[in-house]
Amino acid sequence: GFLVITVVLVTFSFWPLLVLLIAVVPSVFWMRKRNREAQLLWLLSLSVSHQRNLSEAVEEHAQFWWGSYASALRNLAHDLQEGISLGRALARRSRLLPRWIQSSIVVAEECNCLDEVLRECAQNHVGWIRDRYRISGLSNLILYLTLYCSAAMMIITFLCYFIIPKFKAIFNGFDTELPQVTETLIEVAD
């Protein structure tokens with residue numbers, strides 16, 4: 001009886017967590033990438049609007065990152081310093097910004113309206129991120145209940161497997177009759 005209850009409790013307590021991990025982890029990485037894109041877009045937009053050197057701004061921005069992303073930013077800064085246009089330099093580093101933004105930048109450079117287009121792209125990108133991950137009240141409720149029930153099941157499993165058997169041994173040494181609730185709890189745990 002106890003083994004079956006333990007298996008059922010463990011199964012029901014870990015499956016929701018596994019499902020949440022499968023659902024949440026990819027969205028965390030997606031959100032991280034999109035936020036980096038938004039930061040880069042705003043950096044480019046503000047640098048162009050304040051007539052700041054783009055290669056210097058991107059190089060400074062790269063100092064706050066690490067790994068392949070920082071390397072891609074440094075390469076972008078190098079390309080800009082070499083005189084390559086922003087649109088072409090971003091096309092060489094295609095993973096820094098989405099293709100639609102890269103295309104918009106290329107067209108904006110040709111039309112000599114880079115300042116407005118960068119600002120509009122940054123605003124649209126941030127709005128798209130916000131709209132994409134607007135979580136409804138029902139989703140929050142389901143997430144909360146799943147986490148709450150999973151945590152409760154894990155605690156109950158722990159108590160039934162480790163704690164209640166120790167209390168049973170202590171109560172058996174008292175040679176007194178236990179309340180019905182306590183006896184029922186011990187029987188369920190066994």
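Residues are numbered from 1 along each chain as its sequence is written, and side-chain values use heavy atoms, with hydrogens and water left out. Because the model is predicted, local features need pLDDT of at least 70 and side-chain atom pairs count only at pLDDT 80 or more, while totals for chains, interfaces and linings use all residues.

**The whole protein**

Begin with a cartoon view of the protein, which has eight helices and zero strands. Helices (H or I, at least four residues) and strands (E, at least two) are DSSP runs, numbered from the N terminus. Buried residues make up 31% of the 190 residues in the protein; buried means under 20% relative accessible area, exposed over 50% and partly exposed in between, with a 1.4 Å probe and protein chains only. Of the contacts with a separation of 6 or more, 57% join residues 24 or more positions apart, where contact means heavy atoms within 4.5 Å.

**Helix 2 and helix 3**

Select residues 54-62 for helix 2 and 67-81 for helix 3. How do their axes cross? The axes come within 8 Å and cross at roughly 165 degrees. Axes are lines fitted to C-alpha atoms, for helices over the stretch in contact, and angles run from 0 to 180 degrees between N-to-C directions. Helix 2 and helix 3 are therefore roughly antiparallel to each other; angles under 35 degrees count as roughly parallel, over 145 as roughly antiparallel, 65 to 115 as roughly perpendicular and the rest as oblique. Among the residues that meet here are Leu54 and Val58 in helix 2, and Leu73 and Leu80 in helix 3.

Next, pick Ala57 in helix 2. Ala57 is buried, with a relative accessible area of 2%. Not counting residues up to four places away in sequence, Ala57 touches Leu43, Ser47 and Arg52. The C-alpha atoms of Ala57 and Ala77 are separated by 8.0 Å, although the two lie 20 residues apart along the chain.

Then move to Ala72 in helix 3. Ala72 is also buried, at a relative accessible area of 9%. Beyond residues up to four places away in sequence, Ala72 touches Arg93, Arg95 and Leu96.

**Helix 5 and helix 6**

Select residues 99-111 (helix 5) and 114-132 (helix 6), whose axes come within 8 Å and cross at roughly 165 degrees. Helix 5 and helix 6 are therefore roughly antiparallel to each other. Residues of helix 5 including Trp100, Ile101 and Ile105 meet residues of helix 6 including Leu114, Val117 and Leu118.

**The cores**

Which residues touch the most other members of the largest nonpolar core? Of its 30 residues, they are Leu44 and Leu86. A nonpolar core is a set of buried Ala, Val, Leu, Ile, Met, Phe, Trp, Tyr and Cys residues joined through side-chain atoms within 4.5 Å. Helices 1 to 6 each supply at least two residues of this core, and the largest share, seven residues, comes from helix 3.

Centre the view on Leu86. Leaving aside neighbours within four places in sequence, Leu86 is in contact with Leu44, Leu54, Leu80, Ile105, Glu109, Leu114 and Leu118. To finish, select Cys160, Ile164, Ile186 and Ala189, which are among the five residues of a second, separate core.
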